[in-house]
Amino acid sequence: MNERTLRVLEWPKVRAIVADKTSFSLSREMVETLSPSTDMEEVRERLKLTSEAHSMLWKSGEPPFGGASDVRSVVQRAAIGGVLDPEQLQSIQDLLYCTSRLIKYMSSGEGLLKEISTGLDPLPSLARAIAQCIDDEGNVKDSASAELSRIRQKIRTVANRIRDRLESLIHSPSTQKILQEPIVTIRNGRYVVPVRSEYRGKFQGIVHDQSGSGATLFMEPAFAVELNNELRIAEQAEFEEIQRILKGLSSQVADQSSQILKNLEIIAQMDSIFARAKYSKEINGVEPHVNSEGQIHIKQGRHPLLTGHVVPIDVWLGEDFHILVITGPNTGGKTVTLKTVGLFCLMAQAGLHIPALPGSKIAVFEGIYADIGDEQSIEQSLSTFSSHMTNIVSILEDVGPNSLVLLDELGAGTDPTEGAALATVILEHLRVKKVNTIATTHYSDLKSYAYTHSDVENASVEFDVKTLRPTFHLSIGIPGRSNAFAISRRLGLPEELVEAAQSLLAPDHIHVEDLIGEMEQNRRRADQARKEAERLRQDYESLRDKYGALVEELEERKAEILEEARQESERIISETRFEMDQILGEVRRLHRDELEKTVKTYRDDLEERQDKLKGERKKVSQSRGPVNLKAGEKVRIKTLRQTGYVLEPPSSNGEVIVQAGIIKVTVKVEDLERIADDTTPTVHTPRIMGRAVLSKSASIRSEIDIRGKTVEEGIGIIDKYLDDAFLSSLARVRIIHGKGTGALRSAVQDYLSTHPHVKSYRDGEPNEGGTGVSVVDIHLPN
């Protein structure tokens with residue numbers, strides 16, 4: 001890429017912002033040397049990596065790059081046989097710790113980014129060896145070796161003996177007048193006391209230092225010489241043992257140097273990728289669709305370096321036309337449009353997302369050339385025109401078919417007639433070579449040029465005559481209109497002067513300006529109609545989603561009510577069967593055969609109805625879950641019985657990220673129910689089972705005793721009891737049937753095996769009643 005183009009399009013500024021988002025120096029270097037690529041596959045790979053990192057930021061938060069540092073020089077020193085100091089070894093350990101955490105972070109990743117992370121190896125044995133020997137402050141631990149522990153213990157013992165002897169000396173009454181101060185200090189690694197210089201002859205010892213004034217001598221008492229010698233010998237032994245330990249660790253680092261450097265390279269690469277993703281998150285960027293056909297279509301693009309209220313632009317090039325001529329007032333946004341298009345192309349080719357709407361397209365160009373701004377040089381004695389023309393000449397020499405050329409104020413700075421002629425010829429040259437070009441100008445002749453060629457299009461930046469301010473809106477297909485007369489009127493120039501000036505214009509010029517004004521009015525009307533249509537479409541979609549959710553909720557409530565009605569019907573039939581069984585028992589006791597036959601007929605009819613209801617019972621099918629879920633919608637997680645909000649639409653594998661309180665959970669879409677917003681009218685239907693559940697739960701017990709009952713009586717009681725237990729949400733109940741002959745137990749368990757409310761059953765444990773009790777687990781209602 002042309003270095004001047006990179007500078008005028010402000011690529012270094014964007015790159016510096018991305019570099020500030022890296023975590024350590026090596027990854028920062030990578031970003032600072034990042035340049036746009038002209039290889040299509042490399043561009044696509046860069047963008048895909050940025051998108052994958054962007055997704056990881058939303059799902060898993062910031063990656064753990066803490067502890068990473070540039071250890072290349074450290075590893076190189078170890079590789080050539082050098083001994084690393086504790087701080088350098090600690091930097092290696094920190095890098096391995098970062099590696100381990102990054103592997104864990106990437107365990108939920110996927111795609112190219114996950115593939116890159118597979119090259120990481122935390123080298124646990126080396127990390128443990130360093131951690132065993134070096135503490136967090138960068139000191140060698142006593143536990144690094146048994147010998148070091150013994151030596152340091154000896155050092156502490158000897159040092160304590162010396163201090164004890166010296167403490168006795170400085171507190172002795174006989175030495176008070178000899179000492180300058182009653183303190184013990186160290187000079188040249190030996191323990192000394194401060195002696196007044198006039199008492200030097202009266203104090204037996206060796207002078208190691210003196211104060212600046214010479215009034216104090218720091219002397220080692222004679223009795224401490226041997227102890228200090230012993231201490232120095234121990235300290236030397238400590239130094240040699242530490243060196244031996246450090247040398248061993250350095251050797252291990254050297255053995256793993258290639259993997260450590262590989263870890264460092266991967267971590268730096270991933271950090272630079274995540275820096276691009278963080279920048280995308282900051283600017284609300286999207287991955288553009290890249291192509292090699294020279295097609296650009298930027299939807300609602302915003303220049304990333306502008307602050308405050310930024311008016312987005314829609315601009316396209318390379319499909320119906322490949323040259324765009326933009327006219328309009330100064331400070332109206334023409335130059336910003338040029339810079340936005342050029343910078344977006346550079347960002348995309350460098351692997352950065354662009355601040356625009358999804359679906360934007362960017363072409364991968366082999367060369368991007370820009371002549372923007374006034375770069376006249378006083379030293380070179382170049383005028384504005386000469387400076388621009390020199391740059392344009394250079395561009396025309398280098399430009400090729402797959403290039404993008406951006407020309408600001410083409411032909412400006414010289415005679416308008418000659419400038420317009422040069423501008424027309426330059427554009428024609430680029431048109432013939434089929435070079436994608438965007439040019440800004442004030443020349444009216446270029447408006448006509450665009451109308452005479454199908455592959456050239458006019459565009460303009462709007463100007464509000466009422467406020468005398470540009471609106472910064474770009475309109476493609478309509479040339480810029482000269483507003484000189486309208487502005488003059490607004491500023492108070494006498495009408496007769498304005499009319500006199502208008503009379504000097506050629507009739508063709510006036511006609512063209514009138515046509516442009518009419519086209520602009522029609523475009524504004526069409527734009528207003530489009531916005532109104534878009535608003536109505538959004539209202540329609542909002543109402544469709546709103547009432548679609550209501551219909552879905554009503555269907556669910558309908559299914560619940562029907563199921564509740566079936567359960568209530570079954571319960572009533574079960575109670576009636578129980579009563580019929582009691583009547584049948586009484587009839588048998590009275591030996592009323594005819595009546596017994598009638599009762600049996602009614603009971604059989606009830607059984608047939610109960611079987612029919614059970615056959616019609618709604619099977620809870622696996623729901624597909626709500627459709628068209630959008631970020632921000634309120635949902636209910638069925639299994640957790642919690643409400644939350646959707647963070648991202650469902651993924652390709654049917655998983656949704658939901659914010660439920662302070663936690664984020666990933667659930668299947670089938671486990672969700674859409675909940676209407678507070679503003680959405682909800683339909684309240686009476687819950688048939690509500691009062692029943694409350695009344696049942698207030699009196700139901702967790703066990704029932706049917707000992708002494710006949711099989712038919714016992715089954716009837718159990719059937720009603722299980723219904724009540726189900727409605728009361730009892731998870732486990734006990735049925736006491738006794739042991740006896742085992743007939744009642746067998747009948748009860750046969751019945752339990754077919755009951756819809758029964759999840760499982762078993763004989764009781766010895767402490768629960770053994771085979772005289774059946775313990776039943778019940779399916780709880782949702």
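This is a predicted model: local features need pLDDT of at least 70, side-chain atom pairs count only at pLDDT 80 or more; totals for chains, interfaces and linings use all residues.
Five strands make up an open sheet, and their order across it is 18-17-16-15-19, with antiparallel pairing. From one strand to the next, the twist averages 45 degrees. At one end of the order, strand 15 (residues 634-637) pairs with strand 19 in the antiparallel sense, over three bridges. Within strand 19, Leu672 is the residue that stands opposite Ile637.

In soluble globular proteins, nonpolar side chains tend to be buried together. The largest nonpolar core here contains 48 residues, of which Ile92, Leu113, Ile260, Ile267, Met270 and Phe274 touch the most other members. Two or more residues are contributed to this core by each of helix 4 (40-60), helix 5 (72-79), helix 6 (86-105), helix 7 (111-117), helix 8 (124-133), helix 10 (222-255) and helix 11 (257-283). Helix 11 contributes the most, giving nine residues to this core.

Once its neighbours within four places in sequence are set aside, Phe274 is in contact with Ala53, Met56, Leu57, Pro63, Phe65, Tyr105 and Leu113. Of these contacts, Leu113 is itself among the residues that touch the most other members of the largest core. Another core, of 46 residues, lies apart from the largest one; Val31, Tyr279, Val341 and Leu404 are among its members.

Technical notes:
Residues are numbered from 1 along each chain as its sequence is written. Side-chain values use heavy atoms; hydrogens and water are left out. Two strands pair if DSSP finds at least two bridges between them. Helices (H or I, at least four residues) and strands (E, at least two) are DSSP runs, numbered from the N terminus. Axes are lines fitted to C-alpha atoms, for helices over the stretch in contact, and angles run from 0 to 180 degrees between N-to-C directions. A nonpolar core is a set of buried Ala, Val, Leu, Ile, Met, Phe, Trp, Tyr and Cys residues joined through side-chain atoms within 4.5 Å. Buried means under 20% relative accessible area, exposed over 50%, partly exposed in between (1.4 Å probe, protein chains only). Contact means heavy atoms within 4.5 Å.
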